[in-house]
Amino acid sequence: MEGAGRSACSQRPAHIFAVRLPVLHERPQNDGAGGIGQAGHRRGPTGLGARADDVEHFLRPAHDNSSPRWRSSYRLRGRCRNRRLSQNGELLEQALNPALEAVSAWMVTNGLSLAVHKTEAAVLTRKWSYSLPRLIIGGTNVRISEEIKYLGVVLDRRLTFNSHIARAAGAAIRTANAIGRIMPNVDGPSAAKRRLLGSVVCSKLLYAAPVWSGHSLDSERNRTRLNAPLRRTAIRIVRAYRTVSDEAALALAGVPPADLQARERARVRSIVWEPGATAADRRSRTAERIRTLEEWARRWTLTTKAEWTRRVIPDLSRWLGRTVNFQLSFHGSQAMTGHGCFKSFLHKMGRAADPWCEECQQAEDTVEHTLLDCPYWSEERSVLVAAVGDRHLEVGDLTQMVCGPALVDLPEDSTRRAKLLKEAQKQSDHFRDFVEKVLGHKEELERARQRR
Ligand SMILES: [Zn+2]
């Protein structure tokens, strides 16, 4: 397993093996606490004298932070330095079995005994046809698994990491659900706290991403799996309906798709944490984030989902770097996604008999009709109309109100700049008030309609 963590995303080792060795009984040494672990977790313990020439191996504790006296399992990590030995299982077992016996003997010498029946091994190879080695410790066969968990990463035989991604996504979904329960759409924690809580899901999902984020992310299925928990969290962050697409939810929450984040972590890992990295290399973390955002913005222009959100936010980078403070409320998210108390949407969801506007009876009650056209809300809309010069409101005006002026359009003169931003913030606040008033009223009307 030596080197698998660093190199799996770029190049795959030809043949490596991993053996998990659970400890059955553990006795403290006479010389006090730590005697076992201190010897055991260092490379090449001296007690391991009979090591095979062709196999690198050494013991490491399963959890480095656990008490040395009470570690429950050790792992034998290794790789064949001799390519010839790794060509088939028979040659591999000839090299490995003496090493395993040596490990077992060393452990007995140090007051440990192995639970051989719990011991398992996995051969990592891309060969379709490979005769598995017969590994033996103390006369008992070691179970050869198709996959093995090592330091929290599931290694499957062909190093596809599909299994790891499925498990990580499943665990992250459970976390997203638990966090979602303390983040109701109405009231609940502030936007900043929601974002912080959401970051827990990201951390869980992207654990050890530099190891597995290579070819595994070329698979559409893996990308979808990874993005599902993030979508769920993003929906809670922006207080949106759960029918909102992952594209819209992630964009509104400002959370890049999981696969892009994973690739970014791998790039940063390869640049920043390599020995000899300079200060300039460490600054490249920002450059890699910019690269991620550019790719995300490119995807935003290509997707066919999130139709209304993309009309209001045609340029994702402008939304992410918005120059006004526009926080999404429950109603704000409805205005930005079109998923909310609009008859057209309710009709599509099977919650209304027809899509027609209850207020004016003239057209389909879509989000666009409500915000820009419906004559019933003319009075509430009048402040916004006055702000754009007493003309009909356009979708582009909404972009201006939620994103503020683009950075490139801001004047260099600080006084003029401050004045412009203040005016933009005022318009943004007017739009927020308009949305709260209109959508709040529509909800009341809808409840009354449902009671009839
Ligand atoms: Zn209407």
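The structure is a predicted model. Helix H4 has 20 residues and reaches 29 Å from its first C-alpha to its last, which is close to the 28 Å expected at 1.5 Å a residue. Along this helix, His164, Ile165, Ala168, Ala169, Ala172, Thr175, Ala176 and Ile179 are buried. Seen down the axis of H4, these buried residues fall within an arc of 130 degrees, so they line one face of the helix. On the other side of H4, Ala178 and Arg181 are exposed. The cover over the buried residues of H4 includes the elements in the following table.

| Element | Residues |
|---|---|
| strand S10 | 153–156 |
| helix H6 | 209–212 |
| helix H7 | 220–237 |

Helix H5 also belongs to this cover. The axes of H4 (residues 162–181) and H5 (residues 191–205) come within 9 Å and cross at roughly 170 degrees, and because of that angle H4 is roughly antiparallel to H5. In this contact, Ala168, Ala169, Ala171, Ala172, Thr175, Ala176 and Ile179 of H4 meet Leu197, Val200, Val201, Lys204 and Leu205 of H5. The residues of the contact of H4 with H5 divide into 10 nonpolar, 1 polar and 1 charged.

Another part of the chain concerns valine 142, which lies in the loop between strand S7 (140–141) and strand S8 (143–145). Valine 142 has 23 other C-beta atoms within 10 Å, and therefore counts as buried, the cut-off being 20 or more. The C-alpha atoms of valine 142 and valine 116 are separated by 7.1 Å, although these residues are 26 residues apart along the chain.

Methods: Residues are numbered from 1 along each chain as its sequence is written. This is a predicted model: local features need pLDDT of at least 70, side-chain atom pairs count only at pLDDT 80 or more; totals for chains, interfaces and linings use all residues. Axes are lines fitted to C-alpha atoms, for helices over the stretch in contact, and angles run from 0 to 180 degrees between N-to-C directions. Helices (H or I, at least four residues) and strands (E, at least two) are DSSP runs, numbered from the N terminus. Angles under 35 degrees count as roughly parallel, over 145 as roughly antiparallel, 65 to 115 as roughly perpendicular and the rest as oblique. Two residues are in contact if their C-beta atoms, placed from the backbone, lie within 7 Å. Ala, Val, Leu, Ile, Met, Phe, Trp, Tyr, Cys and Pro count as nonpolar, Asp, Glu, Lys and Arg as charged, and the others, Gly among them, as polar. The expected span of a helix is 1.5 Å times one less than its number of residues. A residue is buried if 20 or more other C-beta atoms lie within 10 Å of its own, exposed if 12 or fewer, and partly exposed in between; C-beta atoms are placed from the backbone. The arc is that of the directions from the helix axis to the C-beta atoms.
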